[in-house]
Amino acid sequence: MRLPVFHICKALTEIVNIITSKKRLKQFLSTPLYTNAIHLMTTSAVMALLGFFFWVVVARFYTEAEVGYSSAIISAISLIAVLSLVGLDSSLIRFLPQAEKPRQLINSSFTITTLISMVIAGIFVAGIELWSPTLNFIKGNAVFSTVFIVITPLFASSCLVGSTFTAKRRAGFVLSVNTITSLIRIPLPMVFAMFFHSFGIVASWGIALGISMAFALFLFLPRVQKHYTPVPTLKLDLIKNIWKYSGGNYLVSFLAFFPATILPLMVVNLLGPVQNAYFYIAWMMGTLLFAIPLGVSHSLFAEGSHFHGKLKEQVAKALKFNFLLLVPAIILLILIGKWLLLVFGQSYSSNALTLLRILAISSLPLSINYIYISILRVNYRIKELVTIWGFIAITMLVISYLVIPATGIIGIGYAWLGIHGAAALYSLISLKRIRPL
């Protein structure tokens, strides 16, 4: 490949040409890479938008401290769920299209993940005074402990469902499942506010997840995978065949997700639940932009797994699509972020606006990193993948831990932008080494 900067300029020029031509725009959007990415991004956008309304409801019925506690609990559940996936989410996208026994592979993945997640969740609750002393009240309440352990495998299984739909190039069902989750979740905090305080938010999140998973397993998956029935299965020979790939991607997924789940726990313990509420709302809104490159990268991963020889062509298309959507979205969020945060309350707008704007800008280097990571996954370059995400995750957490006491939550934003910017420079330089399998 020629110089990456040249290709970026060329991509921007082509984007302008596509936008100004109805025929080219129609042809552009009919490409499988883009249609799948649009479904994934629409899913994330709908989740973010409905999630926005969910947290607005929460902010009206719960104190800032309760919002801070609940967001830390949800982050802990998410972290354990990712640990429990053991890389099977990525492996389903990579190997399910060619699997000889797809139903058994899907059910074995669900079974293994469920068992692991329940064990890890139990260990977390048992030793919570060591991992996060601020959340020690969970251990002292049998209902809270049970809900925590039950919700965790539901979240992990929902990740596998999304990977299955993506692997089958039916990402529209991901949108359906997550829309159901988000719609059911919105009114529930009002019901639980008087009874469970912080855990009312968590319970709302878990109940909605359980209902949507029932739709996914019994209605949507049978339409994607012929004759599918959700049955506990342990075909370890199928998992063994993909374990090397799963193991590497397990570490990668953990490292990629680690900062987003550890940072709320870090903030709540270092700065308290109120500051964590401001941080979490800004982060939640920033993920609306992160959904664009994430959706494109997942679609690129799926297309690259189906058509190895067209990887360079698919990467060029992915870059175009990222710039087409991200640039105007960043500008819009920077301009209206203040008023969006005011919906939660004046204190949120005063304390979270700067962080939100920094996170918005960071989505540009993040998009380049996501594309390069999809390339590495398609080409089995797991060591390099682990190195990149290891650098991002470890550096991010160390710097954040050091700067949070002095700078507050703003320091997290600058660290996130700087680290992903450095990784993006490496990714751009490395793009010229793209080779299909």
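## Helix H8 and its ends

A helix here is a DSSP run of H or I, at least four residues long, and helices are numbered from the N terminus. The model is predicted. Helix H8 covers residues 142-167. Just after H8 comes Arg169, with a positive phi of about 60°. At the other end, Asn141 caps the N-terminal end of H8. A side-chain oxygen of Asn141 lies 2.9 Å from the backbone nitrogen of Val143.

How far apart are the end C-alpha atoms of H8? They are 39 Å apart. The expected span is 1.5 Å times one less than the number of residues. H8 has 26 residues, so it should span 38 Å, and the two values agree.

## The whole chain

The chain has 437 residues, and 57% of them count as buried. Its secondary structure comes to 17 helices and zero strands.

Gly200 sits in helix H11, which runs over residues 198-224. Is Gly200 buried or exposed? Buried means under 20% relative accessible area. Gly200 has 0% relative accessibility, so it counts as buried. Leaving out residues up to four places away in sequence, Gly200 touches Tyr62 and Phe192. Gly200 and Phe144 are 56 residues apart in sequence, and their C-alpha atoms are 9.8 Å apart in space.

Ser349 belongs to helix H15. Its relative accessible area is 5%, so Ser349 is buried as well. Which residues does Ser349 touch, not counting those up to four places away in sequence? They are Lys338, Leu341 and Leu342.

## Cavities

Empty space inside a protein can be searched for too. Rolling a probe the size of a water molecule over the atoms shows where empty space is left. In this model, the count comes to three cavities of 30 Å³ or more. The second largest cavity holds about 40 Å³ of space.

Which residues line the second largest cavity? The lining is made of Leu319, Asn322, Phe323, Leu326, Leu364, Ser367, Ile368 and Ile371. Helix H14 (311-342) and helix H15 (346-378) each supply at least two residues of this lining. By type, the lining residues are six nonpolar, two polar and no charged. Helix H15 is also the place of Ser349.

Conventions: Residues are numbered from 1 along each chain as its sequence is written. This is a predicted model: local features need pLDDT of at least 70, side-chain atom pairs count only at pLDDT 80 or more; totals for chains, interfaces and linings use all residues. Side-chain values use heavy atoms; hydrogens and water are left out. A polar contact is a pair of N or O atoms within 3.5 Å; within protein, one must be able to donate a hydrogen and the other to accept it, and residues adjacent in sequence count only if both atoms are side-chain atoms. On a 1 Å grid over the protein atoms alone, a cavity is a set of points where a 1.4 Å probe fits but cannot get out, and a pocket is an open set with protein on both sides within 12 Å along at least five of seven lines; lining residues have an atom within 4 Å of a point. Grid points are joined across faces, edges and corners, and a volume is the space filled by probe spheres set on the points. Ala, Val, Leu, Ile, Met, Phe, Trp, Tyr, Cys and Pro count as nonpolar, Asp, Glu, Lys and Arg as charged, and the others, Gly among them, as polar. Buried means under 20% relative accessible area, exposed over 50%, partly exposed in between (1.4 Å probe, protein chains only). Contact means heavy atoms within 4.5 Å.
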